[in-house]
Amino acid sequence: MRVDELMTPKPATCSRETSCAEAARIMWDCECGSVPVVDDAGRAVGIVTDRDICMAALFQGAPLSLISIAEVMSGNLYTCLPEHDVRDAERLMQQRQVRRLPVINDTGLLVGILSLSDMAQDVGRDGKVSRPEGAELLTTIAAISEPRENHWPSS
């Protein structure tokens with residue numbers, strides 16, 4: 001199965017200059033936990049999650065309207081192409097411990113996003129495991145759930 005068969009096409013986006021308050025509003029309105037960050041040309045340059053915004057609120061002690069996405073987004077962006085096999089995308093999620101992959105075209109333009117939710121919905125379609133790799137999703141969830149190196153700020 002190809003990534004473009006499962007991905008969410010044309011996801012809501014924000015820019016580096018977007019405030020955390022606005023990004024949180026986008027997440028609320030779109031019922032999602034992350035927003036890809038794009039440059040003026042629409043190329044994916046990062047991703048911001050609801051957790052990134054919560055940690056900014058805690059550690060920066062400023063109103064979210066005054067904190068820009070550039071300050072909190074992850075610039076370590078792992079992506080895939082629409083024509084990639086979903087199993088390859090899933091392996092990348094496992095290796096990099098990420099729950100979402102922005103989907104870009106060959107020029108870097110954002111065309112979609114693939115999430116664990118997209119894959120889980122496919123696995124459970126019609127109340128049964130609808131693809132033979134369904135068991136692999138459990139491996140992916142376990143891999144991304146492993147604790148990572150502590151990134152807490154020093155006191």
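Reply: Begin with residue classes: Ala, Val, Leu, Ile, Met, Phe, Trp, Tyr, Cys and Pro count as nonpolar, Asp, Glu, Lys and Arg as charged, and the others, Gly among them, as polar. Keep in mind that this is a predicted model. In the lining of the second largest pocket, the classes come to six nonpolar, six polar and three charged residues.

Me: How is such a space found, and how much space lies in the second largest pocket?

Reply: Rolling a probe the size of a water molecule over the atoms shows where empty space is left. Here the second largest pocket holds about 270 Å³. It is lined by 15 residues, and those closest to its centre are Thr8, Cys32, Gly33, Ser34 and Ile113. Strand S2 (34-38), strand S5 (110-115) and helix H5 (116-123) each give two or more residues to this lining.

Me: Which element gives the largest share of the lining of the second largest pocket?

Reply: That is H5, with three residues.

Me: Cys32 is among the residues closest to the centre. How many disulfides does a search of the whole structure find?

Reply: A disulfide is a covalent bond between the sulfur atoms of two cysteines. The search finds zero. The cut-off for a pair of sulfur atoms is 2.5 Å. For cysteine 32, the closest cysteine sulfur is in cysteine 30, 5.2 Å away, so the two are too far apart for a bond. Cysteine 32 is partly exposed, at 31% relative accessible area.

Technical notes: Residues are numbered from 1 along each chain as its sequence is written. This is a predicted model: local features need pLDDT of at least 70, side-chain atom pairs count only at pLDDT 80 or more; totals for chains, interfaces and linings use all residues. Side-chain values use heavy atoms; hydrogens and water are left out. Buried means under 20% relative accessible area, exposed over 50%, partly exposed in between (1.4 Å probe, protein chains only). On a 1 Å grid over the protein atoms alone, a cavity is a set of points where a 1.4 Å probe fits but cannot get out, and a pocket is an open set with protein on both sides within 12 Å along at least five of seven lines; lining residues have an atom within 4 Å of a point. Grid points are joined across faces, edges and corners, and a volume is the space filled by probe spheres set on the points. Helices (H or I, at least four residues) and strands (E, at least two) are DSSP runs, numbered from the N terminus.
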